[in-house]
Amino acid sequence: PKFIMAGGKLVKVLIHTKVANYMEFKPVDGSFVYRHSDKKGGKVYKVPITPSEALKSSLLGMVEKTRMAQFTSWVASVKTDDPKTWSAGGVMKTKLPLDTMNGREFFKYWKLEAGTVEVLTHVCALYRDNSFNEAPALEVVTKMQLYLESMTRFAGMTSPYLYPLYGLGELPQAFARLAAVHGGTYMLNRDLDGTPVFGPDDLKVEYDPEGVCVGLKVKDVVARTKMVVGDPSYFPDKCRRRGKVVRAIALLSQPLPNTNDAPSCQVIFPAAQVNRTNDLYLFCCGASHKVAPQSRYVAFLSSNVEGECDGMSAEQVAQRELNVGLNLLTNGGGVVRIFYDVYELLVPNSDGDADRVFISESFDPTSHFETAINDVLAMYKRITGSDLVLEEGA
């Protein structure tokens, strides 16, 4: 499961396509970050969403709060397409070359503490590692502006994130309803008695002599089509491996520890805080979003696998890769049961233009949709030859 950034591209796609008319959303109750220190050990902190929360937060010291306030105010005021607004500073203004400087140079100018930069880049800008150091400063600012805009995108926001009532299964259902209105047909892989109609070896793409897709064969029946769109699990021979993801799926009897009993929340464990290269992501949701019974919660903890895992069970891999996050889950005493899973990250070998078979990438371990929606929009451009122009209500 993934949360949806309120000001992000997925929300714009859902509104543009009118799929949002068939769904209900509710704000996620909080966004948190894990910090570790030699004195206090590991602790989860709420990421402030209002100025008053920021003043009360123990995430930053008083002097750093002042610098942070100046920085966020500047980020909110900048127009990324207008270099005249790129000047910063008090009496002595300095024009920042956002289009040529990188993230490392950008944060050096602002003289923010390393811990503050970590929160801004991993929790707000949603970088999964330290690649922000070499990223263009303009990209960094744009990502942080998205976070700030998402916090005020809709009334009653308690975090920058939304989640559909009844879970993400509502997304394909809403698309199916809208497709039906326009004459689309959906076929589920179930017979009248509930048994699967076909297995993984019964579904094959049919090609013409030039190698271009002309249909999809299911057992002895061919559905004629000019293109096929699917995820990598249908086309393993057309994809290559790009690592693995490990997940722990927990059923809980109480909210996550140290999250102020938030019924739904995200916790990001920056890589440096847990001695890793990649961040850990913790997703939790419950009855308030109608995905679990009262007093029950579902949590997903995930990250990239960073070491060899041949011959290891999924639980063994999770214990090695997700150790800090698992400790947070289990120390609260509310774990009813935990399941473990490891899956391959697959990416297509080609763009699909030659054979008209368009394949998405596997979901990454993040607990938000910002990377996945970029893949969807890239597929749209490969299929149609042009970018999707997002106009709300169009």
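These legends walk through a few views of one predicted protein model.

In this predicted model, local features need pLDDT of at least 70 and side-chain atom pairs count only at pLDDT 80 or more, while totals for chains, interfaces and linings use all residues. Residues are numbered from 1 along each chain as its sequence is written, and side-chain values use heavy atoms, with hydrogens and water left out.

View 1. Helices (H or I, at least four residues) and strands (E, at least two) are DSSP runs, numbered from the N terminus. Along the principal axes, the C-alpha atoms fill a box of roughly 75 × 55 × 40 Å.

**View 2. The hairpin of E8 and E9.** Here strand E8 (residues 203-207) runs antiparallel to strand E9 (residues 213-218), with five bridges between them; strands count as paired if DSSP finds at least two bridges. Look for Lys-204, whose bridge partner in E9 is Lys-217. Five residues sit between the two strands, and Gly-211 in the turn has a positive phi of about 85°.

**View 3. What is tucked away in the chain.** Of the 394 residues, 44% are buried, meaning under 20% relative accessible area (1.4 Å probe, protein chains only). Take the contacts (heavy atoms within 4.5 Å) between residues at least 6 apart in sequence: 65% of them join residues at least 24 apart.

Key. Buried means under 20% relative accessible area, exposed over 50%, partly exposed in between (1.4 Å probe, protein chains only).
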